Amino acid sequence: MDAERAPEPPPPPAAAEREMGFAERAVAASGAAVVSAVLVNPLDVAKTRLQAQAAGVVYNPYRGTMDVFHKVTRQEGIFRLWRGTAASLALAVPTVGIYLPSYDLLRNWIEEYSDHSFPKLRPYAPLIAGSVARSLACITCSPIELARTRMQAFKGSNIGGKPPGMWKTLLGVLSLGQSINHPENFRSYHLLWTGLGAQLARDVPFSAICWTVLEPTRRHLIGVVGEQSNAAVILGANFSAGFIAGVISAGATCPLDKDPARVLHMNTRRILQEVWSKEGINGIFRGVGPRMARAGPSVGIVVSSYEVVKHIMHRKHIELTLQTHQT
């Protein structure tokens, strides 16, 4: 009996994913950021144009996202839908490369701590980890966000002009601070974090709501289809959960997502007060449709890509370990 039964390779431990280090997770997250930026950039173009149209700046009368795709492709060429992808990647790769691994590790640590010491904390692990991880990513990558915002503002005020590159933009911010307000070089570096407060006010609540919705939804979906560890289940469950969480989070935090150029000169509270006094509730939630239409696929793609790449990397590690033991 024993001779007829071929030995089976040992199954991976339940906590195997937890053993991945920050560097491996960062590689997976960077790959997910590239996939997401390429696939979602057309939605960014549609969101920008529909929000501008709602604000009274009309490129062309559009009736929705698909109408933007159709008219831009026909009148400006299909590659126009991917304009700005390089700038998006310059921000997305480092941001997501810090954000997702930090979230994973913080969530795992909080769950382990709660299991041993404070069980009531466990349901709040996604909310806490999402808030802290997003804060860390925003603080680290805020200068890149500032450069992108200033480059976009340059395009808006200099029609047809070519904006300076990212490094020249950041050096311009520093030189302005040194020459006007802060002669001492080290004091001007804080200007690179201009607008960070508004960015945190927008992104941290989004992240907290997103992960609070995503985690239980993902676990429920995986429970429905079974615990099979294969890429198709991981892709489907994570994309669906991410899509739902992204739509809900985008709708809930739409009032906090205002014109980034204004954020450079006004805080979020003042912007909201001004919009409310002039436009009321319609102004507060202006652009909610395009924002939700972009956020759902974006979160779904980046989370599912990240989890699938992690799964593939883990399986490869298991295969290499088994080969090493067999030889």
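A cavity is a set of points, on a 1 Å grid over the protein atoms alone, where a 1.4 Å probe fits but cannot get out. Grid points are joined across faces, edges and corners, and a volume is the space filled by probe spheres set on the points.

I'm working with a predicted model, where local features need pLDDT of at least 70, side-chain atom pairs count only at pLDDT 80 or more, and totals for chains, interfaces and linings use all residues. I number residues from 1 along each chain as its sequence is written, and side-chain values use heavy atoms, with hydrogens and water left out.

**Cavities.** I searched the whole structure and got two cavities of 30 Å³ or more. Helix 1 (22-54) and helix 10 (288-326) each supply at least two lining residues, and helix 1 gives the most, with four. Helices here are DSSP runs of H or I, at least four residues, numbered from the N terminus.

**Helix 2.** Next I looked at helix 2, residues 65-76. I found Asp67, Val68, Phe69, Lys71 and Val72 buried there, meaning under 20% relative accessible area (1.4 Å probe, protein chains only).

**Asp67.** Why do I count Asp67 as buried? Because its relative accessibility is 11%. A polar atom of its side chain lies 3.0 Å from the backbone nitrogen of Arg63. Leaving aside neighbours within four places in sequence, I see Asp67 in contact (heavy atoms within 4.5 Å) with Pro61 and Tyr62.

Definitions and conventions:
The expected span of a helix is 1.5 Å times one less than its number of residues. Buried means under 20% relative accessible area, exposed over 50%, partly exposed in between (1.4 Å probe, protein chains only). A polar contact is a pair of N or O atoms within 3.5 Å; within protein, one must be able to donate a hydrogen and the other to accept it, and residues adjacent in sequence count only if both atoms are side-chain atoms. On a 1 Å grid over the protein atoms alone, a cavity is a set of points where a 1.4 Å probe fits but cannot get out, and a pocket is an open set with protein on both sides within 12 Å along at least five of seven lines; lining residues have an atom within 4 Å of a point.
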